[in-house]
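Here are my notes on the model you sent over.

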Amino acid sequence: SKRPDALSGFDRLRHSSLVSVSADGLTVVHADEGNADMQGVVFGDAPIPRFIDNAQYFEVRVDRLREGFHDGLVIGVTTALPEPPTETSWLGCADEVSDSWTYGYDGSFARVSP
């Protein structure tokens, strides 16, 4: 199916195996039932929209927390959307995304070059 012109939710194809995306693309849940793994990557369904003066932003609402981990939520952007995952391999962590800027983890920032 065709991608939207502007971000309206999460991409239902581009996410790691440890997260699930709702049918409407508006909710992501960590899918590790044993609550042992921290990894999980998901992308937006389109580019971040441009607003007045060419400004861009997006919002995320956290409805539920997982306890017991020293790292936390990571938020970031990339200029190069990866191909959808295959059965053999795909991204497990945000610092594996090429050409990206991410912040979170345990309060740190990561820049990954292309």
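1. A word on terms before anything else: two strands count as paired if DSSP finds at least two bridges between them. Strands here are DSSP runs of E, at least two residues long, numbered from the N terminus. Keep in mind that this is a predicted model.

2. With that in hand, look at the hairpin of β6 and β7. Three residues sit between the two strands, and Y105 takes a positive phi near 50° there. The strands β6 and β7 (residues 108–112) run antiparallel and are joined by five bridges.

3. Now the overall picture. The chain has seven strands and zero helices, so the order of elements from the N terminus is simply β-β-β-β-β-β-β. Of its 114 residues, 24% are buried. Among contacts with a separation of 6 or more, 51% come from residues 24 or more positions apart. The chain exposes about 8,200 Å², and 52% of that comes from carbon and sulfur atoms.

4. Back to β6, this time on its other partner. β5 and β6 run antiparallel too, with four bridges joining them. Within that pairing, V77 stands opposite W101.

5. Which residues of β6 lie on its covered face, and which on its uncovered one? S100, T102 and G104 make up the covered face, while W101 and Y103 make up the uncovered one.

6. Leaving out neighbours within four places in sequence, T102 is in contact with V74, I75, G76, A94, S108, F109 and A110.

7. F58, V60, V62, L65, L73, I75, V77, W101, Y103 and F109 form it, and together they have about 960 Å² of accessible area. The elements that give two or more residues to this patch are β5 (75–78) and β6 (100–104). W101 and Y103, the uncovered face of β6, both belong to the patch.

8. Over in strand β1 (residues 10–15), have a look at H15. Its side chain reaches the backbone oxygen of R12 at 3.4 Å. A polar atom of the H15 side chain also lies 3.1 Å from the backbone oxygen of V19. Not counting residues up to four places away in sequence, H15 touches V21, V41, V42, P85 and W90.

9. Last one: is D32 buried or exposed? D32 lies in the loop between β3 (28–30) and β4 (42–44). Its relative accessibility is 16%, so D32 counts as buried. In sequence, D32 and L18 are 14 residues apart, and their C-alpha atoms are 5.8 Å apart in space.

Methods: Residues numbered from 1 in each chain as written. Predicted model: local features only at pLDDT ≥ 70, side-chain atom pairs only at ≥ 80, totals over all residues. Heavy atoms only, no water. Patch = residues over 30% accessible without salt bridge, like charges linked within 9 Å, V, L, I, M, F, W, Y side chains within 5 Å. Areas by Shrake-Rupley, 256 points an atom, 1.4 Å probe, with all protein chains shown as cover. Salt bridge = Lys/Arg side-chain N within 4 Å of Asp/Glu carboxyl O. Buried < 20%, exposed > 50% of the residue type's maximum accessible area, 1.4 Å probe, protein only. Contact = heavy atoms within 4.5 Å. Polar contact = N/O pair within 3.5 Å; in protein donor to acceptor, adjacent residues only side chain to side chain.
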